[in-house]
Amino acid sequence: MGRKQYALTIAYGQSMIALLVILNVFYPQYLSYTFIVFIVAMVIFTAITMRTQLKHIVGKEAKEIKEGRRLFSMDSKDVMTIQSTDTQVINELKPMFKATMISFLSLIVLFAWYPLYFGYARSIVSAEGVNVLTKVLVFLAGYEIPYALFMIINRLTQRSLREIVQVVTKYEVYDKGIVGTGITIKFPLNNNYSIKVNSRRKFMDIIMSRGRVKVRYRFYTKNLTRLIDIVKRYGNPKKVEFER
C-alpha cells in the first residue's frame, strides 16, 4: 500500500468512525449493527481502492507495452506445472503467508472486541444523567482502539517483510516490456531493477527495490535461455546474477 492510498484509507476510516459514533449517540437502537457495518465497509473500501489503483497503473502501461512486438509468452498452466517442481518456493512464500494470517487473526480479534466492549458501553450510556460528550467518548474509544491496533499490526507486519516473492502466473514479453498477471515492467529497466536467474529451478527473477523492501517478480519457464536473451537485449538490465 502506497502512502497516498494509506492516507486515503486512514481518512476514510476516521470518517466512518465519526459517522458511526453519531449514529450510536443519537440512535442507540442500531448499536448491534454499526460495528459490523464499520468492519465490512473498511474491507470493501480497501479492496476497491487497491483494485482501482492497480487497474489504472497496470492498464495504462500494459497498453503501451502491447503496442510493441510480442517475443515470448507463458500461460498459467505451464507456469504452475514448473512451479510445482520447485520445492524451495514454499519456504520463500512463508513470510507472506504469515503476514496474511496475522492480518486475518487481527480481524477476528476485532469481531471479538465488539460484544465485549459495546456490551459494557451500552450499560454506561444508558444510565441516567450521562451527557452527550461522555457518550461520544465512550463510543469513540470503542472504534478507535481496535482500529488503531489493526492499522499498527498491519503496518508492522508489512515492515517486517524484507523480501517478497511474487510468482507471475501468466505473462507475455514484448520488445517494450513485460505484461503479466497483475504487473507490468517497461523496458529498458531502470536502476531500481536487477535480475537473478536459477537454471536448476527454471526461473528468472526481476527484482525491484522499494526502499527497504525487495519484490522478486518470478518468471518460470522451460525455455529460460531464450527468456534471458530477450530481457538482456531489450531490457538492458544493469546486473544479472546466476544463482546455484
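1. The second largest pocket has a lining of 14 residues, and those nearest its centre are Ser 194, Lys 196, Ile 207, Ser 209 and Lys 214. A pocket here is an open set of points on a 1 Å grid over the protein atoms alone, where a 1.4 Å probe fits, with protein on both sides within 12 Å along at least five of seven lines, and lining residues have an atom within 4 Å of a point. The space in this second largest pocket comes to about 160 Å³, a volume being the space filled by probe spheres set on the points, which are joined across faces, edges and corners.

2. The model is a predicted one, in which local features need pLDDT of at least 70 and side-chain atom pairs count only at pLDDT 80 or more, while totals for chains, interfaces and linings use all residues. Residues are numbered from 1 along each chain as its sequence is written, and side-chain values use heavy atoms, with hydrogens and water left out.

3. Strands β6 (193–198), β7 (203–210) and β8 each supply at least two residues of the lining of the second largest pocket, and β6 gives the most, with four residues.

4. The chain holds six helices and nine strands, taken as DSSP runs (H or I of at least four residues for helices, E of at least two for strands) and numbered from the N terminus. Its radius of gyration is 24 Å, well over the 18 Å that the globule rule gives for 244 residues, so the chain is more spread out than a compact globule; the radius is taken over C-alpha atoms, and the rule is 2.2 Å times the number of residues to the power 0.38. Along the principal axes, the C-alpha atoms fill a box of roughly 80 × 35 × 30 Å.

5. Rings of Phe, Tyr and Trp (its six-membered ring) pair if their centres lie within 6.5 Å, with planes under 30 degrees apart counted as stacked, over 60 as edge-to-face and the rest as tilted. By this rule there are seven aromatic pairs. Among them, Tyr 117 and Phe 118 are edge-to-face, at 5.5 Å centre to centre and 80° between the planes. Tyr 171 and Phe 219 also form an edge-to-face pair, with 4.9 Å between centres and 85° between planes; because Tyr 171 lies in strand β3 (residues 171–174) and Phe 219 in strand β8 (residues 213–220), this pair ties together parts that are 48 residues apart in sequence.

6. Tyr 171 is buried, at 1% relative accessibility, and Phe 219 is likewise buried, with a relative accessible area of 1%; buried means under 20%, exposed over 50% and partly exposed in between (1.4 Å probe, protein chains only). Of the 244 residues of the chain, 39% count as buried.

7. Some backbone details deserve a check. The peptide bond from Phe 187 to Pro 188 is cis, with omega near -5°, and Pro 188 lies in the loop between β5 (183–186) and β6. Lys 202, in the loop between β6 and β7, has a positive phi near 65° although it is a residue other than glycine, and Lys 202 is partly exposed, at 36% relative accessible area.
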